[in-house]
Each structure stands twice: as C-alpha cells, then as structure tokens.
Amino acid sequence: MSTFIVAFCTTLTKLHPKMKAYEYGFRVFLLTFCYVMVSGYNTGKFTDTAVSRFVLIAVGAAVSLGINIGIYPIWAGQDLHNLVAKNFIGVAKSLEGCVDGYLKCMEYERIPSKILVYQASDDPLYSGYRAAVEASAQEETLLGFAIWEPPHGAYKMMNYPWRNFTKVGGALRHCSFAVMALHGCILSEIQAPPESRKVFSAEIHRVGIEGAKVLRELGDKVKTMTKLSSSDILAEVHLAAERLQKRIDEKSYLLVNTERWDTSKQAEGIKEVLNGTSNVGKENKNEVREPTIVEQTSGHHSKSFAVNSFLSRYDSESTVDSFKLLSWPARKSFHPNLPLEDEESKTYESASALSLATFASLLIEFVARLQNVVNAFEELSNNANFKEPVQEPVAVSNSDDGFLHKICKFVGIKS
C-alpha cells in the first residue's frame with residue numbers, strides 16, 4: 001500500500017508545471033523508494049538498504065559531476081547560447097532567399113511533398129526558418145539544465161539570466177513565422193506577373209537586405225555577448241520599409257482593378273467609414289444591387305474547381321512524393337488557343353496583383369516584428385552584463401607628410 005500511495009503522490013506532483021524542473025529528482029526518489037521497500041521487505045533491514053542506496057547515488061553524482069565539469073565539460077547553457085545565435089543566421093538566409101527568389105520569379109514546377117507535410121530539410125529556404133520555429137522545445141530542455149549549472153566560462157554570474165535567451169529565441173520565432181508566410185507566397189498557386197514585381201523590386205530587395213543585415217548583426221552580438229554599438233539599429237530597415245510603403249501608395253493602381261471603382265460614390269463611402277455608419281440599410285432599400293466578385297465568378301467556379309483544387313496539383317505520372325504546382329486558374333486557361341472571357345480574366349488578374357501586395361505587406365510586417373527582437377536582446381544584454389562594443393579607431397590623415405613619404409607614395413612604395 002505504501003508503494004502505491006507514494007508512487008501516486010510522486011507522479012501527481014511531478015506533473016505540476018512548477019515541478020517540471022525537478023522531474024528527474026522525483027523519478028530517482030520513486031525508484032529509490034521502491035528499491036528500498038522491496039529489498040527491506042525481504043531482508044528486514046530498511047535502514048541499511050536506504051543508506052547503501054544513498055551512498056551509491058552520492059558516488060554516482062560525484063563521478064558524473066567531476067567528469068562533466070573537470071575532465072570533459074558539457075554545458076547546456078553554452079549549447080543554448082549557440083543555438084539562439086545560430087537561428088539568427090538561418091532566418092536571415094531564409095529571408096534573403098525568399099526575397100531574391102520572389103523577385104527572380106522563382107517557381108516550383110513540382111512542390112516536394114516533404115514541404116507540404118513540413119518535413120523538408122534539403123531546401124535552404126525551408127530549413128533556415130524551420131530550425132528557428134522548431135527550436136522551442138530544445139530551448140526549454142536546455143534551459144531546464146542550464147539553470148542548475150554553476151558559473152563557468154563567460155557565464156560568471158550567479159543566477160545567470162538563461163531565461164532571457166529563450167525570450168530572444170521566442171521573439172526571433174515570431175519573426176520566422178513572417179518569413180514562413182513569405183515562402184508561402186512563392187509556393188502559392190496565385191502568382192503576380194513578373195512585370196508587376198519589377199515595379200517594386202528595388203524597394204523589396206532593399207528591405208530584404210536590411211532585414212537580413214539586422215538579423216546577422218543581432219546574431220553576431222548574441223554570439224560574442226556584446227551590446228549594441230548603435231541605439232537605433234533599425235533605422236535603415238525602417239527607412240527601407242517606409243520607401244516600400246510609399247512606392248505601394250504611388251503605384252496602388254497596379255494592385256487593384258481601377259476599372260471597378262465607382263468615383264461618384266468615393267467621397268460618400270469614405271465619409272461613411274469615418275463616421276462609422278453602415279450601408280446595410282441602403283442595400284436593403286435598393287432592389288437591384290451590383291453583384292459581388294464571388295457571384296460573378298460562381299459560374300466559372302463550378303467548372304474549374306476540380307482542376308484548380310489542391311488534389312489537381314498531384315502528378316499521377318510522377319512518383320508519389322511530388323506534386324505539380326498549378327497557378328489559379330489552371331495554366332492552360334491562359335493558353336492563347338483557350339482564352340478566358342474578359343470578365344473572368346480581369347478577376348484573375350486582380351487576384352494575381354493582390355498576391356504581390358500580400359508579399360509586400362508581409363515584408364513590412366516582418367520589419368515591424370524586428371522591434372520585439374531588439375527589445376528582447378537589449379534586456380538580455382543588460383541582465384547578462386554583456387561587454388561594451390569596441391570603438392574602431394578613426395583613421396587620422398596628416399596633410400603635412402614628409403618629403404620622403406611623398407616620394408615613396410608617388411613611386412608606389414608603401415612606407
């Protein structure tokens with residue numbers, strides 16, 4: 001009865017979230033208790049069995065600590081530190097790859113099924129942000145071991161702020177979700193034409209470069225445990241995002257179908273939005289109303305759904321682990337010999353143009369999320385007492401050089 005009662009209480013206690021860090025201790029205690037009770041029941045010497053078991057545990061702990069600390073150190077805190085720094089580089093590479101691939105009109109003729117089931121590892125765009133997304137469980141595991149480690153190496157503080165490393169990793173993970181969405185735009189069936197992408201290519205490319213630059217700099221600062229040298233590390237990437245937004249505002253007519261605009265009701269519609277009124281009553285009064293886009297395309301939707309559905313991407317002639325990517329609508333619909341109706345063509349063109357706006361808006365959202373990463377890093381650098389950045393010496397030019405130095409410079413000899 002005592003064995004079952006103690007086992008029940010121990011198992012129930014270690015399931016509590018606050019006792020998660022002591023799970024291994026509860027497990028050892030339960031095994032030790034069962035060992036002592038069974039051995040003592042046969043021999044009748046409960047005290048001798050408990051003391052011998054305690055001595056064996058102490059000897060094993062001393063040997064393992066001596067080897068792991070003195071002979072061959074294995075520090076979970078250092079692994080956590082390197083993991084967070086490594087994920088910055090992976091997300092930066094994925095961001096650059098997504099931006100460059102989108103501007104170069106990168107297209108998967110066949111999407112590997114491993115990407116569709118979230119198992120691809122050989123795709124550089126995919127593996128970069130996937131490592132950051134999946135690092136949550138690994139970071140929590142390393143954190144559970146790191147908080148028990150004594151001061152060592154570069155981590156010389158008592159109660160080192162290891163939890164701040166997981167906060168930085170979580171903020172980076174929040175950014176990696178935006179990169180995942182950018183990659184999804186490349187995998188999307190609805191693709192913007194190359195001509196539209198070229199209009200915004202310079203601004204999009206600039207945001208991608210500056211965003212990856214910020215991630216790499218933060219990753220390097222985390223790795224070297226150095227504070228930020230500049231108080232406004234996001235100045236350039238914010239400026240690039242503002243230029244992209246201004247470009248979108250200037251060329252917004254490329255992202256929407258301006259032929260559907262009702263200029264006579266523009267002012268009235270804006271006034272209704274500002275006043276918070278609803279136009280439901282007006283729609284009810286009008287017996288004849290303009291059909292929506294869904295209603296306009298419902299006729300074609302029933303005919304093309306089977307072709308444009310997800311299952312239509314499967315290539316029965318290829319292997320099972322590959323899928324065929326078809327744009328929306330099917331590529332054959334744009335064939336010169338099979339023209340679409342004018343109304344249908346405009347609808348699909350509007351959808352493809354909006355995909356470009358989606359990619360640009362996701363890129364701006366990524367820039368907005370970078371502020372959370374910077375805030376988390378600054379909190380880490382302050383709590384962990386990161387070293388101050390080394391100021392690079394400024395080269396001072398001496399205009400009054402010697403005569404011999406001028407001759408050597410003229411000849412091409414370095415003095």
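Student: How do helix 9 and helix 10 cross, and how close do their axes come?

Tutor: In this predicted model, the axes of helix 9 (residues 194–224) and helix 10 (residues 235–250) come within 9 Å and cross at roughly 160 degrees. An angle over 145 degrees counts as roughly antiparallel, so that is what helix 9 is to helix 10.

Student: And is the crossing left-handed or right-handed?

Tutor: Helix 9 and helix 10 make a left-handed crossing.

Student: Which residues meet there?

Tutor: From helix 9, the contact includes Val-199, Phe-200, Glu-203, Ile-204, Arg-206 and Val-207. Among their partners in helix 10 are Glu-236, Val-237, Ala-240, Arg-243, Leu-244 and Arg-247. By class, the contact of helix 9 with helix 10 has ten nonpolar, one polar and six charged residues.

Student: Nice. What about helix 4 and helix 9, how do they pack?

Tutor: Their axes are 9 Å apart, and helix 4 packs against helix 9 at an angle of about 170 degrees. Helix 4 and helix 9 are therefore roughly antiparallel to each other. Their contact has 15 nonpolar, six polar and six charged residues.

Student: Staying with helix 4, how does it cross helix 7?

Tutor: Helix 4 (residues 76–103) and helix 7 (residues 135–146) have axes that come within 8 Å and cross at roughly 155 degrees. That makes helix 4 roughly antiparallel to helix 7 as well. Helix 4 passes helix 7 in a left-handed crossing.

Student: Who's touching whom in that pair?

Tutor: Helix 4 brings residues including Ala-76, Asp-79, Leu-80, Leu-83 and Asn-87. Sorted by class, the contact of helix 4 with helix 7 has nine nonpolar, three polar and two charged residues.

Student: What span should helix 4 have for its 28 residues, and what does the model give?

Tutor: At 1.5 Å a residue, helix 4 should span 40 Å, and its end C-alpha atoms are 41 Å apart, which agrees.

Student: What follows helix 4?

Tutor: Cys-105 follows helix 4, and its phi is positive, near 55 degrees.

Student: Switching topic: which residues does UniProt list as "transmembrane region"?

Tutor: The unreviewed UniProt entry lists residues 24–42 and 54–75. In the model, residues 24–42 are 100% helix and 0% strand, with end C-alpha atoms 28 Å apart. Residues 54–75 are 82% helix and 0% strand, and their end C-alpha atoms lie 26 Å apart.

Student: Last one: where is Val-6, and what does Val-6 touch?

Tutor: Val-6 is in helix 1 (residues 2–14). Leaving out residues up to four places away in sequence, Val-6 touches Phe-29, Leu-30 and Phe-33. Val-6 and Phe-29 are 23 residues apart along the chain, and their C-alpha atoms are separated by 9.9 Å.

How values were computed:
Residues numbered from 1 in each chain as written. Predicted model: local features only at pLDDT ≥ 70, side-chain atom pairs only at ≥ 80, totals over all residues. Heavy atoms only, no water. Axes fitted to C-alpha atoms, helices over the stretch in contact; angles between N-to-C directions. Helix = DSSP H or I, 4+ residues; strand = E, 2+ residues; numbered from the N terminus. Parallel < 35°, antiparallel > 145°, perpendicular 65-115°, else oblique. Left-handed = near helix turned anticlockwise from the far one by under 90°. Contact = heavy atoms within 4.5 Å. Nonpolar A, V, L, I, M, F, W, Y, C, P; charged D, E, K, R; others polar. UniProt positions renumbered as here; feature names shortened; annotations may be inferred. Expected span 1.5 Å × (residues − 1).
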